[in-house]
Amino acid sequence: PEYGLTYEIFCGRQPCKDVIKLKYSVENVLGLSELPAFVAKELGVTVKKDSSGGETNCDGDSNDSIDTNDVKLYLLKGLNTDSGNMATPASYPEMSSTIPASKIDT
């Protein structure tokens with residue numbers, strides 16, 4: 001999470017990532033700006049800068065020993081039968097431009 005100045009004005013100093021990991025009992029904590037590179041790496045997608053400075057995607061072989069050909073990002077989508085509300089898939093701004101549609105499933 002990236003809290004920003006407004007958070008610090010009203011709530012005090014933002015907690016470090018280790019404090020958040022302990023508080024919520026999670027394995028990893030990333031800032032929003034770190035998310036695109038993390039997801040791309042986990043999916044075996046190489047993110048490169050294009051000539052205009054923007055990011056483009058390119059399916060590449062990962063240097064890891066894991067075969068990433070069948071790795072997908074599964075996103076929750078569907079009807080919540082308790083509330084009747086529809087769950088919409090999570091996203092972030094660079095997602096559609098850096099992750100090939102073939103790597104995403106709902």
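A contact means heavy atoms within 4.5 Å. By this criterion, methionine 95 touches Leu73, Leu75, Ala90 and Ile104, leaving aside residues up to four places away in sequence. This is a predicted model, in which local features need pLDDT of at least 70 and side-chain atom pairs count only at pLDDT 80 or more, while totals for chains, interfaces and linings use all residues. Residues are numbered from 1 along each chain as its sequence is written, and side-chain values use heavy atoms, with hydrogens and water left out.

**Confidence**
- The chain averages a pLDDT (the predictor's confidence in each residue, from 0 to 100) of 80, and 79% of the residues score at least 70.
- Over residues 55-66 pLDDT stays under 50, and the model has 27 contacts beyond four places in sequence for them.

**Helix α1**
- Isoleucine 9 is found in helix α1 (residues 4-11).
- The residue is exposed, with a relative accessible area of 59%; exposed means over 50% and buried under 20%, with a 1.4 Å probe and protein chains only.
- Helix α1 is hardly covered, as the count of buried residues among its 8 residues is 0.
- Just after α1, glycine 12 takes a positive phi of about 95°.

Conventions:
Helix = DSSP H or I, 4+ residues; strand = E, 2+ residues; numbered from the N terminus.
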